[in-house]
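Hi,

Here is the structure I promised to pass on. Have a look at it first, and my notes follow below.

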Amino acid sequence: MSALARLRAKLQRTLAIARKEFRQLARDRMTLGFVVGIPSLQLVLFGYAINLDVRQVPTAVLDQSRSAISRKLVAQLEATQTFHVTHDVADEGAAFRLLQSGKVGAVVVVPDDFPRRLQRGRGAIIEILTDASNPTVASAVAAAGQGLDRWLAERLDSFRTAGETPALRPAARDGTARGPTPELVRPGAIRIEVLPLYNPERRTAVFIVPGLVGVILTMTMMLMTALAIVRERERGSFEFLIATPVRSSEVMIGKILPYLLVGHVQVALVLGLGRVLFDVPLHGSPLDLGLGALPFLAAMLALGLLISTAARTQFQAIQMAFFFFLPSMLLSGFMFPFEAMPRPAQWIGQVLPLTHFLRVVRGILMKGAPIEALAAEVWAIVAFLVVALVVATLSFRKRLE
Amino acid sequence: MSAGGEAVIEARGLTRRFGSKRAVDGLDLRVERGEIFGCLGPNGSGKSTLMRMLLGLLAPSEGSARVLGHEIPRDAEALRPAVGYMTQRFSLYDDLDVRENLEFGAEIFGLSRARRRTRIAAALDRYGLAGYARTRAAALSGGWKQRLALAVATIHEPELLVLDEPTAGVDPQSRRAFWAQLFELAAQGTTVFVSTHYMDEAVRCHRLCFLRDGRRVALGAPAALLRPLAGRVLEVEGGRAEALLAPLAASPLVASTTQLGDAVHLLLARGAPGPEQAASEIQRFLAAGGLPDVRVRPGIPSLEDVFVAILLGESSEEAAA
């Protein structure tokens, strides 16, 4: 055979394969969805979610002075768009509970003697407590605090010429003898102190590692069970299984149980390594952590089973798992601050168990929160678990097609 | 239809369509307690589909069945504990060992701890699996896998055993041992519904049904199925058998030929004269074709001939006993 003929034969076989592959791809909607969907999804999600400008941090105000100047200050705080005042609290205990449970990212404390000190022109301090377990939020709050510092300074400078500003009127009305004189109000007299709590050095590892626990569990747990039923199908044991008296729900639970243990081992492993390598603390109780992880593990395993009942092959199962994994990573607050995401992204995020688990695991690990303080997050995960398990059980038919 | 015995399976107009294809088409069937009931047919004739419908694993498109008193598919779940099923493809767990597979079967069929212990010990002993108790199923040869599958399918002492080509790809010795086990089970009152490709196995069934394109084309005891073919089989010998095939096929009296070593086994066409007359006519026909030294004599019909007759479109439904 001539070299040319051999080349032609080679080309023909190659094209035949290419044609076959193309046809298979065109007929395999799952793979097609994967090929098209993943990049589009990535583009959209990254495009929206990468936004490190933190805005609308849920904020509690502890206004001990109850003065007009403090109200003015709070209004200015909101005008920066970094803060969004969601709670008005009466005492420090309430403020800390909100911070610990993650309901707010910052607490603005206006001391009761703030207007007086302002008039005296020294020692007027506003404290902003911020949850630095999320360093991005903490940095944003710190930056906004400094901005506010400047704003106040500028305002006070203007007193010097205007003599009086609306901001200072309430202080006068307070019954104190006189308004501040320009020479007494020096720019440096008012300080805004930002106190980063929980992770004072704002170390990223301390923030990332607990989150990583959730991310790793999402992937591994989901994949374990995603392959569980489809593997039975592929190996032929499915037909044996459905001819036995076993119930769908028994198959589901039975396939989840062993992995709950596996999941807890993974939690211990990641946190142990985090401790050794990054000095990640465990401030809360390990028992609470185990308790908090339980519904999350079960939820991911149930979701995997749901995938497994829908998938025809193991490969499809892996693809479907990935479809869920991607938004979990991007929209849960693992990669980007939840507060920084646009509203629709937050809505999706609220549905994802990882979003809630991250709050649980960060709360327990970094803030030493008791599990009771995180009950709302745990219940959200339980709700997801119940729905996933019920749907998976209903879609596991003891029938052949 | 044979009467008398208690019906274990009663199918009424069972039909299953896959797209436009009718895998099983309006099938009526009655299997009695303690029978070994064989189901024969070429690949794709609907044997597996029929079994799956009878087990409630596959919903029939039309018709229904009563199996062990349960309406199928409606009450399929209630039927499960009383049925053992051996799939065509090995469907146990390759990554479990023999004992673990037995344990899984015993547990999933809800046997008590004490009964599990005695049943597993009995199964290991009865099927000669004791020496392999700790061997992974994946490492077993075909014959041993099949023994394990039968052991698991019978671990809960089912009333009805459904076996889908259980001996496919298994050596003759293992097949003999397997059938000895089936007879033992049947003697204990287990009803066995088995599909097979092997004629030597089919002939051992109490009753048989032939399927073709999803339809029942023959039903009856093996002897009854063979009866209509009496006098329609001839053996031809002399010279090279290969040389005989083409001339024989040309004869209008011959329906089909099968080479058996040096001889040719042939089935006479329907409406051919009796065996003696047909033998001499064929001898003359071959002599005229230049093959004078050929002996033609009557032969004994086998189930293979029944099978061939059915493939040629002859229904043996009249043979139903």
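How many bridges pair strand 12 of chain B and strand 13 of chain B, and in which sense, parallel or antiparallel? There are 6 bridges between these two strands, and the sense is antiparallel. Before I go on, keep in mind that this is a predicted model.

Strand 13 of chain B has 5 of its 6 residues buried, so the rest of the structure largely encloses it.

Next comes strand 11 of chain B, which is joined to strand 13 of chain B by 4 bridges, again antiparallel.

**Strand 3 of chain B and its parallel partners**

Elsewhere in chain B there is some parallel pairing. Strand 3 (residues 36–40) of chain B runs parallel to strand 8 (residues 191–196) of chain B, and 5 bridges join them. Strand 3 of chain B is also parallel to strand 9 (residues 207–212) of chain B, this time over 4 bridges. For landmarks, B:Phe37 has B:Phe193 as its bridge partner in strand 8 of chain B, while B:Gly38 has B:Leu208 in strand 9 of chain B.

Is strand 3 of chain B buried or exposed? In strand 3 of chain B, 5 of the 5 residues are buried, so the strand is largely enclosed by the rest of the structure. That holds for both ways its residues point: B:Ile36, B:Gly38 and B:Leu40 go one way, B:Phe37 and B:Cys39 the other, and all are buried.

Helix 4 (residues 113–126) of chain B has 14 residues, and from first C-alpha to last it reaches 20 Å, close to the 20 Å expected at 1.5 Å a residue. B:Arg119, B:Ile120 and B:Ala123 are buried in this helix. These three cover an arc of only 100° around the axis, so they lie on the same side of helix 4 of chain B. Helix 3 (98–108) and helix 5 (142–153) of chain B are among what covers those buried residues. On the face turned away from the buried side, you will find the exposed residues B:Ala114, B:Thr118, B:Ala121 and B:Asp125. After the helix comes B:Gly128, with a positive phi near 65°.

Helix 15 (residues 353–367) of chain A is another story. In this helix 15 of the 15 residues are buried, so the rest of the structure largely encloses it. The helix reaches 20 Å from its first C-alpha to its last, close to the 21 Å expected at 1.5 Å a residue. Just after it, A:Gly368 takes a positive phi of about 65°.

**Chain A overall, and where the chains meet**

Chain A has 16 helices and 5 strands, and 42% of its 401 residues count as buried. Of the contacts in chain A between residues at least 6 apart in sequence, 80% join residues at least 24 apart.

As for the interface, 19 residues of chain B are in contact with 12 residues of chain A. The side of chain B that touches chain A has 11 nonpolar, 3 polar and 5 charged residues.

Cheers

How values were computed: Residues numbered from 1 in each chain as written. Chains lettered and ligands numbered in written order. Predicted model: local features only at pLDDT ≥ 70, side-chain atom pairs only at ≥ 80, totals over all residues. Buried ≥ 20, exposed ≤ 12 C-beta atoms within 10 Å, placed from the backbone. Contact = placed C-beta atoms within 7 Å. Nonpolar A, V, L, I, M, F, W, Y, C, P; charged D, E, K, R; others polar. Expected span 1.5 Å × (residues − 1). Arc of directions from axis to C-beta. Pairing = 2+ DSSP bridges.
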